[in-house]
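Please keep the sequence and the structure in view while reading.

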Amino acid sequence: MKTLSPFKAGLFAILASSAVFATTVNAEPSQGCDHPRGEFHKHGERMAHDGMHRMFEGLDLTDAQKADIKKLFAEQRAARSDDRPSKEERLAHRAEMQALITSATFDEAQAKALMSAQQEKRQAQAIERMKMQNQIYNLLTPEQQAKFKARFEAQAGKEPRG
């Protein structure tokens, strides 16, 4: 019987283990996600918008309500695009973060200042999103509002995604 050289045996072991690993990764179901991979960015929209649309799913909206909701989404999208930082601002922020990480001494005060600015932006975005949700809720009829509240309370008991 012919024996393999240590180099060939090691190479064979690496190939075999990577083949096994690749099949287990591809065969493993996605955790906490009920969408196939291709549906995350369908029609160019992000998941957050899909989640907001699903909030009002099943409420039997009238065509007028749907048109009003579309108008609210369009207004918010326009307002959000005005607030979006320019490419230069994003690159400058990235450079500041990199400078903090790669400096010889860590400046915690500067890091906190950068993080608080990001948190303020996120908080403002969350408030705007909640305002829009309130505006949409107020477009609903009393029956639709009751149905929405019942669904919202049923979801409150479930564990959040992510």
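## A loop residue

Asp-60 lies in the loop between helix 2 (47-55) and helix 3 (63-83), where helices (H or I, at least four residues) are DSSP runs numbered from the N terminus. The model is a predicted one, in which local features need pLDDT of at least 70 and side-chain atom pairs count only at pLDDT 80 or more, while totals for chains, interfaces and linings use all residues. Residues are numbered from 1 along each chain as its sequence is written, and side-chain values use heavy atoms, with hydrogens and water left out.

Most residues other than glycine have a negative phi. Asp-60, which is not a glycine, has a positive phi near 50°, and Asp-60 is exposed, with a relative accessible area of 65% (exposed means over 50%, buried under 20%, and partly exposed in between, with a 1.4 Å probe and protein chains only).

The buried residues of helix 3 are Gln-65, Ile-69, Leu-72, Phe-73 and Gln-76. Seen down the helix axis, these buried residues fall within an arc of 100°, so they line one face of helix 3; the arc is taken from the directions from the axis to the C-beta atoms. The face turned away from that buried side carries the exposed residues Asp-63, Lys-70, Lys-71 and Asp-82.

## Contacts of Ile-136

Leaving aside residues up to four places away in sequence, Ile-136 touches Phe-56, Ile-69, Leu-72 and Phe-73, where contact means heavy atoms within 4.5 Å.

Technical notes
Helices (H or I, at least four residues) and strands (E, at least two) are DSSP runs, numbered from the N terminus.
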